[in-house]
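Subject: Structure handover

Hello,

Here is the structure I said I would pass on. My notes on it follow below the entry.

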Amino acid sequence: MTIRPPAQIDWLVAAVGEDAAFQFIECAGGRRLWVPVKWRGSELAAIYGDDIARTLSAHCGGEQIDIPICRPWRILMCRKMGLSVDDIAVRTGTDRSTVKKALARGPDIAAPRRAWQTDPGQFSLF
């Protein structure tokens with residue numbers, strides 16, 4: 001299942017893929033970055049990888065850019081990875097109610113199934 005990214009990063013997701021864009025936004029969201037015109041061998045490439053550096057350079061090379069946080073999209077991506085509401089809240093720096101609201105607005109992504117914790121010393125009832 002592909003989750004539609006916000007308009008401000010849809011070009012990035014189209015160029016590098018959902019997973020790479022998610023990792024970049026997780027690491028750099030909220031920062032202001034200088035994007036060099038020549039990405040090869042740059043600090044940007046060393047930190048975030050060649051694909052991200054190449055794409056950013058092609059899109060906005062020679063500029064300072066503010067990396068969006070994209071919290072609702074990140075919440076949906078975390079749910080897609082199977083994280084619980086509590087884990088998503090911690091990872092996205094928000095509270096449970098914000099996570100629940102974002103999940104209610106987005107596409108229906110099933111909650112993760114938790115395996116029952118069992119005590120090996122107890123008999124099974126089923």
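The protein exposes about 8,500 Å², and carbon and sulfur atoms supply 52% of that area. Please keep in mind that this is a predicted model. Of the 126 residues in the protein, 37% are buried. Seven helices and two strands make up the list of elements, and along the sequence they follow the pattern α-α-β-α-α-β-α-α-α. Among contacts between residues at least 6 apart in sequence, 64% join residues at least 24 apart.

Strands

E1 covers residues 32–35. Leu 33 and Val 35 form its covered face, while Arg 32 and Trp 34 form the uncovered one. The partner of E1 is E2, residues 63–66; the two run antiparallel and are joined by four bridges. Within that pairing, Arg 32 stands opposite Asp 66 of E2.

Helix H2

H2 spans residues 18–28, and its buried residues are Glu 18, Ala 21, Phe 22, Phe 24, Ile 25 and Ala 28. These residues lie on the same side of H2, because they cover an arc of only 165° around the axis. An α-helix has 3.6 residues a turn, so residues three or four places apart point the same way. The other side of H2 has Asp 19, Gln 23 and Cys 27, which are exposed.

What do the buried residues of H2 pack against? The list is H1 (10–16), E1, H3 (43–48), H4 (50–60), H5 (71–80) and H6 (85–92). Just after H2 comes Gly 30, with a positive phi of about 95°.

Aromatic pairs

There are two aromatic pairs in the structure. In one, Phe 22 and Trp 73 have ring centres 6.0 Å apart and planes at 70°, so the pair counts as edge-to-face. The pair links distant parts of the chain, with Phe 22 in H2 and Trp 73 in H5, 51 residues apart. Phe 22 has a relative accessibility of 4% and counts as buried; Trp 73, at 3%, is buried as well.

Phe 24 and Tyr 48 form the other pair, which is edge-to-face with 5.0 Å centre to centre and 90° between the planes. Phe 24 lies in H2 and Tyr 48 in H3, so this pair ties together parts that are 24 residues apart in sequence. Both Phe 24 and Tyr 48 are buried.

Helix H5

H5 is mostly covered, with seven of its ten residues buried. Those seven are Trp 73, Arg 74, Ile 75, Leu 76, Met 77, Cys 78 and Arg 79. Note that the buried set includes Arg 74 and Arg 79. The cover over the buried residues of H5 includes H1, H2, H6 and H7 (96–105). H5 is followed by Gly 82, which has a positive phi near 95°.

Cysteines

How many disulfides are there? With a cut-off of 2.5 Å between cysteine sulfur atoms, the count comes to zero. Cys 70 is buried, with a relative accessible area of 10%, and Cys 78 is buried at 0%. Cys 27, by contrast, is exposed.

Two single residues

Trp 11 is in H1. Is Trp 11 buried or partly exposed? Its relative accessibility is 25%, and the cut-off for buried is under 20%, so Trp 11 counts as partly exposed. Leaving out residues up to four places away in sequence, Trp 11 touches Thr 55, Leu 56 and His 59. Trp 11 and Leu 56 are 45 residues apart in sequence, and their C-alpha atoms are 9.7 Å apart in space.

Thr 92 lies in H6 and is buried, with a relative accessible area of 3%. Not counting residues up to four places away in sequence, Thr 92 touches Arg 71, Arg 74, Ile 75 and Val 99.

Regards

Note on methods: Residues numbered from 1 in each chain as written. Predicted model: local features only at pLDDT ≥ 70, side-chain atom pairs only at ≥ 80, totals over all residues. Heavy atoms only, no water. Buried < 20%, exposed > 50% of the residue type's maximum accessible area, 1.4 Å probe, protein only. Pairing = 2+ DSSP bridges. Arc of directions from axis to C-beta. Contact = heavy atoms within 4.5 Å. Phe/Tyr/Trp six-rings, centres within 6.5 Å; stacked < 30°, edge-to-face > 60°. Areas by Shrake-Rupley, 256 points an atom, 1.4 Å probe, with all protein chains shown as cover.
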